[in-house]
Amino acid sequence: MNGRLVFALVAGFSGLFAADADAVPDHYDYPFDNPYVATVVNTPPDQRAEFKLPDTIDEGGIEPFAERVTPDVFWYADELRYLTAIQDRPAPLVFVISGTGSNHKTPTAIALASTLYAGGAHVVTLPSPTQMNFIVAASTHSRPGYTDDDVDDLLRVMTMIRDDLVEDGTRIDGYGVTGYSMGAFHAAMVGERDSRDHVFDFDRVVLVNAPVSLYESAMRLDRMLLEGIPGGMAHFDRFYEEFTRRLANIYAADEGLDFTGDFLYRIYEKIDGDVSDQQLKALIGLSFRLIGSNLAFTSDVMNHAGYVVSPDLELGVTSRLDKYFKVLGRLSFSDYVEELFFPLFEADHPGIARQRAIERSSLRSIEDYMRNNANVFLLHNRDDIILGEGDIPWFESVFGGRATIFPNGGHMGNVYHHAFIATFASQFGGENGR
Amino acid sequence: MRSVLPKLALATLLLSGCAGTPDRPLTPARHVIDEIERPDDGFPSDIYDPFEGFNRGSYTFNAKFDEYVFLPVVYGYRAVMPDVLEDRVHDFFSNLSEIPTFVNSLLQLNFDHAGRAAHRFLVNSTVGLLGFVDIATLTGTEQEREDFGQTLGVWGLGEGPYIVLPILGPSNLRDATGLAVTAVATAAAVPPDVSDTTAYEATAYGLRPIDTRNNVAFRYYSSSSPFEYELVRLLYTQKRQFDILR
């Protein structure tokens with residue numbers, strides 16, 4: 001009860017109630033109307049909400065498959081890591097699922113978690129099912145991409161963590177789930193499954209910059225690299241080297257290896273805004289390609305699939321990996337889907353057609369759930385680059401007053417903006433919950 | 001592809017550069033490095049790393065040392081020290097680092113950086129209460145760091161092979177030499193009746209590394225990439241090249 005009260009206070013303080021969630025707040029002044037700039041540059045420091053790191057924040061680890069032998073090359077990923085921030089009183093527990101290829105402690109996951117914690121909730125942050133640690137430690141088939149399997153894996157992990165927390169004395173009086181980018185897709189899918197299975201009975205499901213179709217968004221991001229890279233893909237390695245060189249030029253050891261937020265903002269400032277859309281697209285496409293390389297390599301090794309690593313080879317702690325990295329840089333998303341994902345998928349599920357897997361990688365497959373459940377909310381940007389034509393109108397028709405669509409922000413560019421965060425907090429408060 | 005010969009040939013190519021030699025030829029992967037055209041002057045992202053096996057072992061050791069020894073000590077330090085005192089300690093060590101920066105700036109004939117280091121050291125050691133408060137930065141004189149590895153680089157010495165030093169982390173032959181020379185020079189410069197005291201040893205080999213680690217946000221295996229070693233190697237090398245040009 002207490003937690004919900006604080007939620008309501010946060011909502012009230014920012015002048016927003018769930019009933020008005022479709023209205024973009026008046027004080028929304030995010031400056032970048034070019035969605036590629038917004039995506040790369042993110043939120044200018046003076047427009048950011050204040051985030052206070054929860055004082056109870058802690059890192060936990062579980063092994064959903066205790067009998068699994070982790071390959072030596074992934075020795076450090078043998079248990080699934082997650083963050084918790086627990087209140088000292090009864091409160092709702094909210095899970096935050098990270099975006100494509102991202103771990104449980106990205107700046108975005110921590111910002112959302114801090115906001116929820118400040119609103120009175122217990123919070124757990126989880127890596128994406130497409131992230132290396134998840135694939136190694138928590139994925140049944142270690143080849144993410146088939147939604148039903150990924151939801152199974154997520155719910156297994158969420159249940160284990162919840163049980164651990166309860167055992168440790170955490171008092172939970174409700175549940176919520178949220179995620180950003182691909183994590184929003186997973187939050188929706190988890191919410192839909194749970195609406196039938198009733199393990200958690202989520203009071204709130206909030207989707208932040210969700211893709212409609214994972215498959216189409218991935219193809220879109222992949223094209224950005226192909227179209228944007230100077231001289232074509234034969235120059236991939238040079239392009240990558242120049243990108244890291246630019247990072248290194250402003251890199252300071254005290255900042256850690258985090259290529260998001262301020263970091264890109266400062267690169268952008270250094271190049272003085274004199275950068276073409278094509279360059280920005282290439283940059284976005286490159287980061288997607290690097291994430292894809294991590295995913296493909298991990299899946300390949302875990303399954304001995306022989307995609308870029310010989311199926312007979314057991315890579316160890318001291319094995320050289322750079323050649324795999326170089327090969328993967330040149331392989332497209334459709335190469336991965338056709339040559340690695342689908343063969344593995346078909347071996348696991350011989351009775352399920354490829355078309356079915358693609359359909360299930362779209363939120364359109366759970367349209368009824370999102371349309372008919374008043375506790376599912378959406379935050380989005382009208383110019384999000386991962387969406388296609390017709391996606392925003394579809395979201396608006398499905399969510400109605402439960403969608404807040406900001407006029408700009410690109411993909412996740414405005415996520416730290418005070419108005420965006422205030423809306424996020426309000427979607428977890430309001431009267432429609434429970 | 002049913003014939004054994006191309007498999008053998010591919011497997012041999014695949015194996016070149018691998019640490020161990022298995023008993024039988026490996027089934028080639030679907031995509032191998034040879035399908036990529038190698039630029040005449042090598043891949044731009046390649047770093048000379050002939051001791052990669054050792055280096056990767058060292059990287060792994062450092063990650064474990066960090067998790068089980070270094071970070072717990074740093075977190076303990078953070079827990080007992082008020083933030084204000086942490087900052088004072090950091091400023092104090094930062095002020096001491098002006099001395100090697102001054103010397104190396106002179107060796108590089110970089111009088112701007114030398115002057116800046118001297119100015120900062122004088123201001124911070126006096127007005128800044130023996131260096132515990134970084135007044136110089138507050139009054140607009142930003143810190144530059146120069147070390148002996150950079151000095152060697154400025155005078156044209158190549159970086160040599162990449163080396164991951166146990167505990168100390170990414171380096172290369174030139175920078176590691178620089179570190180060793182600096183350590184010897186420091187030992188010679190500090191009078192024995194100071195350097196032999198427990199207080200000096202606790203400060204130099206205890207508090208200082210703790211302060212350094214406390215101010216480095218890097219965490220091993222937090223990049224979500226199985227290619228973190230390659231990424232760190234590339235970024236370290238590029239960063240040093242940039243520092244030398246500056």
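**Interface and sheet**

Between chain B and chain A, the rule finds four salt bridges across the interface. Please bear in mind that this is a predicted model. In one salt bridge, E67(B) is joined to R81(A), with the closest N and O atoms 3.6 Å apart. Polar contacts across the interface of chain B and chain A amount to 19 residue pairs, both residues being at pLDDT 80 or more.

Which elements of chain B give two or more residues to the side that touches chain A? They are helix 2 (52–80) and helix 11 (228–245) of chain B. Helix 11 of chain B provides the largest share of that side, ten residues. By class, the side of chain B that touches chain A comprises 23 nonpolar, 13 polar and twelve charged residues.

As for extent, 48 residues of chain B are in contact with 53 residues of chain A. The two chains, B and A, bury about 4,600 Å² between them, and 63% of this lies on carbon and sulfur atoms.

I turn now to the sheet. In chain A, eight strands form an open sheet with mixed pairing, in the order 1-2-4-3-5-6-7-8. Its edge strands, each pairing on one side only, are strand 1 (58–62) and strand 8 (403–406) of chain A. Neighbouring strands of this sheet are turned by 20° against each other on average, direction ignored.

Strand 1 and strand 2 (residues 80–85) of chain A pair in the antiparallel sense over five bridges. Within strand 2 of chain A, Y82(A) is the bridge partner of G60(A).

Methods. Residues numbered from 1 in each chain as written. Chains lettered and ligands numbered in written order. Predicted model: local features only at pLDDT ≥ 70, side-chain atom pairs only at ≥ 80, totals over all residues. Heavy atoms only, no water. Pairing = 2+ DSSP bridges. Helix = DSSP H or I, 4+ residues; strand = E, 2+ residues; numbered from the N terminus. Axes fitted to C-alpha atoms, helices over the stretch in contact; angles between N-to-C directions. Contact = heavy atoms within 4.5 Å. Buried area = accessible area lost by both parts, 1.4 Å probe. Salt bridge = Lys/Arg side-chain N within 4 Å of Asp/Glu carboxyl O. Polar contact = N/O pair within 3.5 Å; in protein donor to acceptor, adjacent residues only side chain to side chain. Nonpolar A, V, L, I, M, F, W, Y, C, P; charged D, E, K, R; others polar.
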